Amino acid sequence: MTKADLVDAIFEKVGLSKKEAQDIIEILFDTIKQTFKEGESIKISGFGTFNVRKKLARRGRNPKTGEDLEISPRRVVTFSVSNQLKHEIEKLDV
Amino acid sequence: MTKSVLIEKVSEKIEGLTKNQTEIVVETVFDSIKKALMEGEKIEIRGFGNFRLKTRKPRKARNPKTGESVDVPWKKVLYFKMGKALREALNSD
């Protein structure tokens, strides 16, 4: 599934044109991105929580060349699935 | 930030869309992602990130309270990997 499928889903559910549905998808993910940039987490009940975490610099290695290098400090987004969705997923056949 | 605050923020940015319509849009997005995942599909939101299910092998674990050994069966877990554009947006100073 890609953004195009989300656009189709919105097009069918809401009385919007494809172009409008496309724009609103972009605005939605931009708004989420902006929120992360401010360091704020986002909780979608029944789905999960996105957290922004700060990572300190650390030593690492290029797995291809074996070369030692420093991994710069950075911010990452982690996702933790809601209990409800986690349980639904665990019930799926492996 | 909660879903309702997100809906408000998105709704403010779009002229001609009611809060109610925005709510349906946001619900539809996360419901569609959920539904696709449950069908075993991988989700790729370009610039944002990917969601996919991984299968975890069974393992022996311990009840930390009683020390008792328990079998954890095969199970699926949800993984999110942030996209390149998002990573760059968060790490450009």
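## The sheet of chain B

Strand β1(B) and strand β2 (residues 49-56) of chain B pair in the antiparallel sense, joined by three bridges. Two strands pair if DSSP finds at least two bridges between them, and the strands and helices named here are DSSP runs numbered from the N terminus (helices are H or I with at least four residues, strands are E with at least two). A word on the source: this is a predicted model, in which local features need pLDDT of at least 70, side-chain atom pairs count only at pLDDT 80 or more, and totals for chains, interfaces and linings use all residues. Residues are numbered from 1 along each chain as its sequence is written, chains are lettered from A and ligands numbered from 1 in the order in which they are written, and side-chain values use heavy atoms, with hydrogens and water left out.

Back to the strands: B:Glu44 has B:Asn50 of β2(B) as its bridge partner. β2(B) also runs antiparallel to β5(B), and eight bridges join these two. Across that pairing, B:Gly49 stands opposite B:Met82 in β5(B). Strands of a sheet pair through backbone hydrogen bonds, either parallel or antiparallel.

Put together, three strands of chain B form an open, antiparallel sheet in the order β1-β2-β5. The edges are taken by β1 (43-45) and β5 (75-82) of chain B, each with a single partner strand, so one side of each has no neighbour in the sheet. On average, neighbouring strands of this sheet are turned by 25° against each other, direction ignored.

Helix α2 (residues 19-38) of chain B lies across β1, β2 and β5 of chain B, and runs at about 35° to β2(B). Axes are lines fitted to C-alpha atoms, for helices over the stretch in contact, and angles run from 0 to 180 degrees between N-to-C directions.

One residue to look for in helix α2 of chain B is B:Phe30. B:Phe30 is buried, with a relative accessible area of 6%. Leaving aside neighbours within four places in sequence, B:Phe30 is in contact with A:Ile32, A:Ile44 and A:Phe47, where contact means heavy atoms within 4.5 Å.

## Helix α1 of chain A and its two partners

Within chain A, helix α1 (residues 3-13) and helix α2 (residues 18-37) pack at an angle of about 120°, with their axes 9 Å apart. That makes α1(A) oblique to α2(A); angles under 35 degrees count as roughly parallel, over 145 as roughly antiparallel, 65 to 115 as roughly perpendicular and the rest as oblique. Residues of α1(A), including A:Leu6, A:Ile10 and A:Phe11, meet residues of α2(A), among them A:Ala21, A:Ile25 and A:Phe29. By class, this contact has seven nonpolar, one polar and four charged residues. Ala, Val, Leu, Ile, Met, Phe, Trp, Tyr, Cys and Pro count as nonpolar, Asp, Glu, Lys and Arg as charged, and the others, Gly among them, as polar.

Which helix of chain B does α1(A) cross at roughly 135°? The partner is α2(B), and the two axes come within 10 Å. That makes α1(A) oblique to α2(B). A:Leu6, A:Ala9, A:Ile10 and A:Lys13 in α1(A) meet residues of α2(B), including B:Ile24, B:Val25 and B:Ile33. The contact of α1(A) with α2(B) divides into seven nonpolar, two polar and one charged.

A:Thr49 is in strand β2 (residues 48-55) of chain A and is buried, with a relative accessible area of 19%. Beyond its neighbours within four places in sequence, A:Thr49 is in contact with A:Ile42, A:Lys43, A:Thr78, A:Phe79 and A:Ser80. The C-alpha atoms of A:Thr49 and A:Ser82 are 7.1 Å apart, although 33 residues separate the two along the chain.

A:Ser82 itself lies in the loop between β5 (74-81) and α3 (83-90) of chain A, and is buried at 14% relative accessible area. A:Glu67, found in the loop between β3 (58-61) and β4 (68-71) of chain A, counts as partly exposed at 48% relative accessibility.

Conventions: Buried < 20%, exposed > 50% of the residue type's maximum accessible area, 1.4 Å probe, protein only.
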